[in-house]
Amino acid sequence: MSKQKKLDSVGKEAFVKAVLSMLDEGVSLRELNLRTVARRVGCAHTNAYNYFTSFEDLLWWSLKGALEYMTGMVDPEHGDLVRWYVDFALDHPAWYRLIWLEQLSGTPPAGVAAYLPVPADMYTRWLMIRFGRSEKAAALELKGRILHGYLHGELAAITAGRVTGGREELTERVLTGAKELMRLLFNNSDMKGVETI
């Protein structure tokens, strides 16, 4: 492929894909910058400025890319959202940390900010399908935050390497805790919602 053809095929998505691939490969966020990402893409780092205002801007768009992948993994109408969330964190721990644990400076670009509510909307829809028949909206929202807080605490500890074990053991640990918490939160009122996990 000629150098010009290679440059013509470079776009915003290529930079985002490069960041996410490098994170999956174990490259730390501290090791990344526009030069290392551009090298992976196969162009000069100055080409990145055609799409991003800064490296931080690229990280925000990469966070959106990780969220899009995550939300595309399951259908909230029929899927097992808790297991899906655990699988995502275990399959892509660096992406999970980018979404939830890494401090990014500035505010997200408009295109990223517009997408940030999508995962929460999916989660709310999933809770409504499983438990919403007998719950008021405010109560369901509170219980949803408590459940997410539990899941996030476990997955943050796992993805940061503070809790170790085999994949099956870690998955079972989180799912068992989530089931028990849902039983407590929803007073065993709708076990169908719990047993689908």
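Colleague: Which residues is threonine 171 in contact with, leaving aside its neighbours within four places in sequence?
Modeller: Those would be Arg83, Val86 and Leu90, with contact meaning heavy atoms within 4.5 Å. This is a predicted model, where local features need pLDDT of at least 70, side-chain atom pairs count only at pLDDT 80 or more, and totals for chains, interfaces and linings use all residues. Numbering runs from 1 along each chain as its sequence is written, and side-chain values use heavy atoms, with hydrogens and water left out.

Colleague: Thanks! Is threonine 171 buried or exposed?
Modeller: Threonine 171 counts as buried because its relative accessibility is 7%; buried is under 20% relative accessible area, exposed over 50%, partly exposed in between (1.4 Å probe, protein chains only).

Colleague: And which helix is threonine 171 in?
Modeller: Helix α10, residues 167-185. Helices (H or I, at least four residues) are DSSP runs, numbered from the N terminus.

Colleague: New topic: what volume does the largest pocket have?
Modeller: About 510 Å³. A pocket is an open set of points on a 1 Å grid over the protein atoms alone, with protein on both sides within 12 Å along at least five of seven lines, and lining residues have an atom within 4 Å of a point. The volume is the space filled by probe spheres set on the points, which are joined across faces, edges and corners.

Colleague: How many residues line the largest pocket?
Modeller: There are 24, with Trp100, Pro119, Ala120, Tyr123 and His148 nearest its centre. The largest share, 7 residues, comes from α9.

How values were computed
Helices (H or I, at least four residues) and strands (E, at least two) are DSSP runs, numbered from the N terminus. On a 1 Å grid over the protein atoms alone, a cavity is a set of points where a 1.4 Å probe fits but cannot get out, and a pocket is an open set with protein on both sides within 12 Å along at least five of seven lines; lining residues have an atom within 4 Å of a point.
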